[in-house]
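Could you walk me through this protein structure in plain words? I'd like to know what to look at, and in what order.

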Amino acid sequence: MTIRLMASKGPDISEIPEKRTLSVLLAAPRGFCAGVERAIQIVERAIAKYGAPVYVRHEIVHNRVVVEGLEAKGAIFVEELDAVPTGRPVVFSAHGVPKSVPIDAATRKLLHIDATCPLVSKVHVEAERHFTRGLEIILIGHAGHPEVIGTMGQLPKGAISLIETIEEAEIFKPRDPAKLAYVTQTTLSIDDTAEIVAVLKRRFPSVVAPRKDDICYATSNRQDAVKAIAERCDLLIVLGAPNSSNACRLVEVAARSGAKRAVMIQRPHELDPKQLDGISKLGITAGASAPESLVQDVLARLRKFFSLEIEEIGTIEETVHFKLPRLLDA
Ligand code: SF4
């Protein structure tokens with residue numbers, strides 16, 4: 001069917017296809033968490049206080065839009081401290097860094113500002129506490145992720161063993177099964193982690209668990225919000241980056257929780273309207289490093305092709321806020 005636009009006089013001036021109705025379910029909460037907001041503010045405040053450029057070791061958070069926005073304001077992203085010239089401040093990313101990094105910065109006489117999320121720092125403190133008590137520590141997480149590198153780097157080599165899967169938990173051989181504790185990466189799948197923990201508790205009943213879950217509130221809330229809409233979705237889109245752990249987990253959670261299909265996109269233009277042929281209910285969420293502006297840009301793109309019926313499904317209201325380092329007080 002088409003809608004014909006008629007000129008007030010004369011012939012038809014155009015003919016455009018009528019927009020099909022697309023039902024959109026927005027998961028809430030979604031997007032930025034308190035740790036990401038704090039990390040971005042730290043870089044912005046550092047630029048305001050010390051002038052550009054301010055160096056940032058590693059992507060401050062795993063999102064190119066955020067990184068490019070900060071680059072435009074005067075941030076320079078580097079992978080290692082030897083790329084930071086003397087006299088310029090350097091910010092450490094929200095994922096946390098091994099203990100050797102601030103020591104190296106001090107040796108190089110670099111002013112360093114730590115944007116590690118306080119919930120990642122909590123895991124670092126927990127691991128140290130276990131170590132001081134003489135416990136062997138298991139870290140449940142993903143090899144190579146900067147948060148895992150940072151957490152393992154809080155303690156001497158060999159103090160922490162990484163477990164990624166149930167299979168690894170089944171064959172892990174502790175030095176002393178009675179002196180064992182575990183901590184986890186903050187951005188894991190709640191369900192996968194629970195299965196790994198169940199194996200550890202079965203094999204080592206006295207294993208010491210975190211006082212409060214290490215998987216952070218933002219990761220849990222975003223996964224719960226996806227679970228609440230997944231079954232109703234023909235397709236669920238996660239705005240995020242492939243190197244963002246929590247965004248990758250959202251795609252997995254969506255697929256496991258009943259979404260017919262789940263995909264990740266980094267930017268709105270990656271969404272091809274042809275992908276939406278046959279889709280009547282589209283779910284949308286965003287990982288903890290993805291700004292809300294990306295969600296709104298996706299909706300704006302969709303409006304060019306569809307008449308949208310948008311429903312936001314909220315599971316919990318978030319009120320978490322973290323203070324900035326005092327060093328950045330004006
Ligand atoms: Fe902190 Fe969680 Fe956000 Fe990571 S996802 S920065 S741990 S609040």
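Some ground rules come before the tour. This is a predicted model, in which local features need a pLDDT of at least 70 and side-chain atom pairs count only at pLDDT 80 or more, while totals for chains, interfaces and linings use all residues. Residues are numbered from 1 along each chain as its sequence is written, and side-chain values use heavy atoms, with hydrogens and water left out.

Let's take the overall picture. The C-alpha trace of the protein spans about 85 × 55 × 30 Å along its principal axes. Its secondary structure comes to 10 helices and 14 strands; these are DSSP runs, with helices being H or I over at least four residues and strands being E over at least two, numbered from the N terminus. Of the protein's 330 residues, 51% count as buried. Here "buried" means under 20% relative accessible area, "exposed" means over 50%, and "partly exposed" is in between (worked out with a 1.4 Å probe on protein chains only).

Now for the inside. A nonpolar core is a set of buried Ala, Val, Leu, Ile, Met, Phe, Trp, Tyr and Cys residues joined through side-chain atoms within 4.5 Å. The largest one here has 31 residues, and Val43, Ile60, Leu70 and Val91 touch the most other members. Which elements each supply at least two residues of this core? They are α1 (34-50), β4 (54-57), α2 (64-73), β5 (75-78) and α8 (217-230). Helix α1 gives the most, with 8 residues.

The space it takes is the largest cavity. On a 1 Å grid over the protein atoms alone, a cavity is a set of points where a 1.4 Å probe fits but cannot get out, and a molecule sits in one if more than half of its atoms lie within 2 Å of its grid points. Around the ligand you'll find Cys33, Gly35, Cys117, Leu119, Val120, Thr186, Thr187, Cys216 and Tyr217, where being near takes a heavy atom within 4 Å.

A disulfide is a covalent bond between the sulfur atoms of two cysteines, and the test used here is a pair of cysteine sulfur atoms within 2.5 Å. The structure holds 0 of them. Take Cys248: it is in no disulfide, and the nearest cysteine sulfur, that of Cys216, is 15 Å away. Cys248 counts as buried because its relative accessible area is 18%, and Cys216 is buried too, at 13%.

Most residues other than glycine have a negative phi, and most peptide bonds are trans. The bond from Ala28 to Pro29, though, is cis, with omega near 5°, and Pro29 sits in the loop between β3 (20-28) and α1. The bond from Ala52 to Pro53 is also cis, with omega near -5°; look for Pro53 in the loop between α1 and β4.

As for phi, His58 has a positive value of about 75° although it is not a glycine. His58 is in the loop between β4 and α2, and it counts as buried because its relative accessibility is 18%. Lys109, not a glycine either, has a positive phi of about 60°. Lys109 belongs to the loop between α3 (100-107) and β7 (112-114). Is Lys109 buried or exposed? With 69% relative accessibility, Lys109 counts as exposed.

Finally, compare sequence with space. Pro98, in the loop between β6 (90-92) and α3, is 52 residues from Gly150 in sequence, yet their C-alphas are 4.2 Å apart. Pro98 is buried, at 15% relative accessible area. Thr151 lies in helix α5 (residues 146-152) and is buried, with a relative accessible area of 1%. Thr151 and Gln185 are 34 residues apart in sequence and 8.3 Å apart in space, C-alpha to C-alpha.

Technical notes:
On a 1 Å grid over the protein atoms alone, a cavity is a set of points where a 1.4 Å probe fits but cannot get out, and a pocket is an open set with protein on both sides within 12 Å along at least five of seven lines; lining residues have an atom within 4 Å of a point.
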